Amino acid sequence: MRIAVIGAGSWGTALANLLAGKGLDVTLWAYEQELVERLAESHVNDLFLPEVALDRRLHFTNDLATAVSGRLLVVLASPSQVMRSVVRQLQPHLAADSLLVSAAKGIENDTLLLMSEVLEEELGLAANVRSAYLSGPSFAREVAAGLPTAVTVAALEPEVGRRVQELFHTDVFRVYTNADVVGVELGGALKNVIALAAGVSDGLGFGHNARAALINRGLVEMARLGAAKGAEA
């Protein structure tokens, strides 16, 4: 299968490397032409994922049309705040039957929309039928290093979720499927807020009790917001 990964930050690079390591035909798109040239020469993302030798089978480009044309799977790993702009630019080049996987863990600042809602606005309601959303506790450097990781792929269509699961799953990268797109997206974005708060608490020397309270109440607030947004209970 021919795959495009859009976004050569640390997360996009790690996912592209994982897929290429499975012998798949993967092209990684980067915004910076200079980075593309260095990637092609050294197969090291010295800007976002240094000291990680990337699979030699990976291809690189900074041309969106080249990246997505004829690709059956397009992984959207650009930051959430530029996702709308990137999707708008690549839309004319997408195949009608391409599967889309959003790997962005965030909420659009100006609109407070989830990435599924952004894709629906830019690509139409039908896009959600062939889209999946990958999220979970996953540091790019650890994924690139082959350390054990578990993530969730949420999709409205079970078959789409299973296909994406099969493509990403390895012995050390465990992929679980879920139909709760809103819940998975919100969890992926909001967990980072709680993690930052816990780090601040630790830095201030507030101790384990305060950290546990923050995490506990944070989970409650995440569940309440999820319910308000229509996530599954």
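Which residue in E2 is the bridge partner of Val5? In this predicted model, the partner of Val5 is Leu28. The bridge belongs to the pairing of strand E1, residues 2-6, with E2, which runs in the parallel sense and comprises five bridges.

Strand E2 spans residues 25-29, and four of its five residues are buried, so the strand is largely enclosed by the rest of the structure. Burial here refers to a relative accessible area under 20%. E2 also pairs with strand E3, residues 59-61, again in the parallel sense, over three bridges. In this second pairing, Trp29 stands opposite Thr61 of E3.

A surface feature is found in another part of the chain. Phe206 lies in the loop between helix H8 (181-203) and helix H9 (207-229). With a relative accessible area of 53%, Phe206 is classed as exposed, because the cut-off for that class is over 50%. Phe206 forms a nonpolar patch on the surface with Val200 and Leu204, and the accessible area of the three residues together is about 320 Å².

How values were computed. Residues numbered from 1 in each chain as written. Predicted model: local features only at pLDDT ≥ 70, side-chain atom pairs only at ≥ 80, totals over all residues. Heavy atoms only, no water. Patch = residues over 30% accessible without salt bridge, like charges linked within 9 Å, V, L, I, M, F, W, Y side chains within 5 Å. Areas by Shrake-Rupley, 256 points an atom, 1.4 Å probe, with all protein chains shown as cover. Salt bridge = Lys/Arg side-chain N within 4 Å of Asp/Glu carboxyl O. Helix = DSSP H or I, 4+ residues; strand = E, 2+ residues; numbered from the N terminus. Buried < 20%, exposed > 50% of the residue type's maximum accessible area, 1.4 Å probe, protein only. Pairing = 2+ DSSP bridges.
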